[in-house]
Amino acid sequence: MALEEQRLIFKHIDAPGYTRDIDCYLKHGGYEQLKKAVTMKPEDICAEVTASGVRGRGGAGFPAGVKWKFLDRKSGKPIYLICNADESEPGTFKDRQIIHKDPHQLIEGMLCSAFAIQAKLAFIYIRGEFFEGYRILEEAIEEARAKNLLGDNILGSGYSCDIIVHRGAGAYICGEETGLIESLEGNRANPRIKPPYFPAALGLYQCPTIVNNVETLCDVKHIIELGGEAFSKIGTPGNTGTRIWCVSGHVQKPGYYEFPCAALTLGQLINDVCGGLKPGRKLKAVIPGGSSSKILRADERFKGKLKDGTEFDWGIEDIPMDFDSLAAVGSMSGSGGVIIMDDSTDMVEALANINYFYAHESCGQCTPCREGVPWMRKVTARMCAGEAREEDADLLNGIADQIAGRTICAFGEAAAWPVQSFIAKFKDEFVEKAKEQASRRKEGKPAATETTLI
Amino acid sequence: MSANGTSEMITINLDGREVEVPKGMNAIEAAKLHGKEIPHYCYHPKLSIAGNCRMCLIEMGMPMRDRGTGEPVLDEQGVQKIGWGPKPVIGCATDVSPGMHLRTDSESVKEARNGVTEFLLINHPLDCPICDQAGECRLQEFSADHGRGYSRFIEDKNVKPKRTVLGPRVTLDDERCILCSRCVRFSQEVAKDDVLGFVDRGTYSTLTCYPGKELANNYSLNTVDICPVGALTSTDFRFKMRVWFLKRTNSICTESSVGANTTVWSREGKIYRITPRRNDAVNDTWMTDSGRDLFKPFESDDRLTHYTVDGVHQSPEIAAKAAAELLRAGSVAVVGSAHSTVEEQFILEEIAKKTGASVSMVKHEGEGDGILLSEDRSPNLRGALLNGLISELPKGDLTLLAAQVDSGAVKTLLVVNEDLTQLGLTEAQLGQVKIIYLGAFANAVSQVAQVVLPSLSVFEKSGSFVNQNFRLQKFAAAVPGPRGLIAELGVLAMVEALLGEGNSQAPTIAQVWERIGQTEGVFAGLAWQKIPEEGLKLEAGSLAKLNFVESKNLKLDPAALEAAQALPA
């Protein structure tokens, strides 16, 4: 039986007759929360967001209310809000849907948030490739401005806030919040060192700045609508609200599906929601939260303790889809990009593909990432090209260990985790690849089989 | 950032030892104070923090406190527990705070350094045998300490541009570059000439000049000095000499009154290069490009190499005698120089006193750059004032002296360095007087002088200068002068002795200082050995009121100086 989606953010998206223009949005109760928000006290909104327990949807899963609390409000400098719409994690495609199909929801969420932190200027840093999204947002902002929902003296409340849409012209690293800020300032998107450059104190133009993901900002609108308390009832404690799972890979019906946190297991997501694997295929592995999250092997047993002390013993299909459960099994829910791999997948090639991406996207500022990630790319590319060695698996793991935790930003981990987890879970395949190539060479055949990925 | 003298001392735990360090100092400097080296590439004490090389990773921990109550968390022995960070931190951006624990040589720290070293080497050309930096290369040194000795890297190395000409004096090898961004930060922050940057991304990041720009500012060679590897090389010094063959001598730059501290690198009597020497009170770690070329004119052919009397080569003793003879005749005028050392000026003043000569001096000025090139292009004007050789600031020409020559009031001239024909005296006027010329180069005056006493360059003698901040700084001889020449201090002292009844032996510099130390004023009690390598700040006294030409530069703030003088003592 198919599980029913429970849509909050995607409530109207794809509904018949729903269009992205402001009239349609207003007809569906749009901007009511903004009207409510500007009559509230900013600190009350912050309190609601904290009470809601909503965690950042960009990848790290940090509680948004706590992030807002770090904001340096005493500096006397202007406060900025930045919407991180640089969605580039492979496997993730939720923010683009919001921007394309319901841009006013984002604008309303942003204005509510900006009011809460008393920012007079907000930015949407949108990925350069999303040109259509940029155009749509510009259009939506003009529509909102025409109705005095944005700009000077919003709805006569005395509060003014403008939104500037900025197209990124960079790379994956522009999604790292301090890299994003550098890019927004017009520099190369080199992430800043922390300390001292925590955005909440020294962000954009060295002023206090909050950077939130598109989905997180949309959640703020719903928190105002429902109240923080009611919002926190969706999902489980510590894992509140809904999540949009972007399912890709070897399933019958890939796509985006919105469910409350922990409302379904990974098995239900694959089999019930996405129609199962292709006929005759067996599940091999799942990357549950975008390409940087650690891979889970299908025949693994996951044992351990949750944060609240309950013990668990799960097969891969039993894992509840929420922040803490995925963290407990050694991976993360990340940006919600669930990548399903069936038994046709060559793990070496899959890792080669991921390595290619991260090597291409490294900003090149700090040594371990700049030198280490392309090295891993070169190793896996060589393995695919027919020159695999049995010691390469350990070499890859060694390189990844030398990167993780030693870089300026979290990119080091993002690039190292896939390698560490692929080797930890599928080392046999990496060794087998080398043996197989050696025997093919002995037989006088070309060592490399045809690759499809790179 | 390095601490200033007044900062508060705090206690930290460095590798298990409680040590005192100034509050707010970064971990690299704090560890250095206590003899621990934290290797680093991108960190430079005089530049902003970049934190990109990751070589200075260390472990950092703070005493644990309960989050709720704020009470210290104690272990079984009742000692406060240390909360060590889960990841290593970079020493350059970790400022020490009370109670902080640092581990700079634990296994995990060594492991992190080894990892960074391996990464830096995989795409490095490893061409030390033909690299100019070899011998003074941080990458080479740290690879010896932290490298694995063999390579695990069997892939192809990245290919980047070689022999890129960045400007008239700097050549870049991008394959050797470790992208530490020191040169980029230097150009922005110190030279104020933002021409360097990185293009391309990730492992293909390449250092280059922005399109249409070149690294041509007068500080470009400092980028070569601070480059921790052999990427930026001096076009002039490239492939000339192995650095370990070179002898280092402490010297002072004579380009302007800034008096930048320098190191002269020489071998077998030949100078190969001049680099800045750190002195936080004078020049930090920088110097001008133009100051590095000052040794070259002394290798030219118009150098004076023989003592001559009436055009005949003579020994220094005979030349000194001839000079004394001329001076005894009376009606003497001295044209001194702010390029002479404190010691030479002292003896010159003694000669002037003994012969009743009037002393004049001319100024040498140019445009200042507000950094390390001041408007006064002589290294020792303040020395001349403190010596009493002159009592007011020098003028631009010698018209007064010309009038005295015309009137016959002056019959003998003792000229140091200056070409009088450029300063208001005609050749005809020079013909009317007897001239003793002391200088390094031939000019219109040396050609007509009765006695020519060749002098040595700053690289060939020892001495001291007083810089724009009244800082007495000494320098040593790096290379010998032309054969047969003795330092002009000796010749001047012989002349002085011949004018009185002393012996005519050339004294040592220490002996001259014994006499200087007996004078009244700021030099009283000083001795040559007492002048420290980093210089000695002298009291300007009433001289501070003079209207010196220097405007604000890196280490001089005339407005602040004036304000300080205005305060009652």
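Me: How many helices and strands are there in chain B?
Reply: This is a predicted model. Chain B holds 14 helices and 24 strands.

Me: How do strands of a sheet pair in general?
Reply: Backbone hydrogen bonds link them, either parallel or antiparallel. Take one case in chain B: seven strands form an open sheet, in the order S16-S15-S21-S20-S19-S17-S18. The pairing is mixed.

Me: Which strands of chain B stand at the edges of that sheet?
Reply: S16 (312-314) and S18 (358-360) of chain B. Each has a single partner strand, so one side of each lacks a neighbour in the sheet.

Me: By how much are neighbouring strands of this sheet turned against each other?
Reply: By 20° on average, with direction ignored.

Me: How many bridges join S17 of chain B to S18(B)?
Reply: Three. S17 covers residues 332-335, and the two strands run parallel.

Me: Which residue in S18(B) stands opposite Val334(B)?
Reply: Val359(B).

Me: Now the whole chain. What does the C-alpha trace of chain B span along its principal axes?
Reply: About 95 × 60 × 40 Å.

Me: What share of the residues in chain B is buried?
Reply: Buried means under 20% relative accessible area. By that cut-off, 54% of the 569 residues in chain B are buried.

Me: What share of the contacts in chain B with a separation of 6 or more joins residues 24 or more positions apart?
Reply: 65%.

Me: How many positive and negative side chains does chain B have?
Reply: There are 60 positive and 72 negative ones. The centres of the two sets lie 3 Å apart.

Definitions and conventions
Residues are numbered from 1 along each chain as its sequence is written. Chains are lettered from A and ligands numbered from 1 in the order in which they are written. This is a predicted model: local features need pLDDT of at least 70, side-chain atom pairs count only at pLDDT 80 or more; totals for chains, interfaces and linings use all residues. Side-chain values use heavy atoms; hydrogens and water are left out. Two strands pair if DSSP finds at least two bridges between them. Helices (H or I, at least four residues) and strands (E, at least two) are DSSP runs, numbered from the N terminus. Axes are lines fitted to C-alpha atoms, for helices over the stretch in contact, and angles run from 0 to 180 degrees between N-to-C directions. Buried means under 20% relative accessible area, exposed over 50%, partly exposed in between (1.4 Å probe, protein chains only). Contact means heavy atoms within 4.5 Å. Lys and Arg count as positive and Asp and Glu as negative; His and the chain ends are not counted. The place of a charge is taken as NZ of Lys, CZ of Arg, CG of Asp or CD of Glu.
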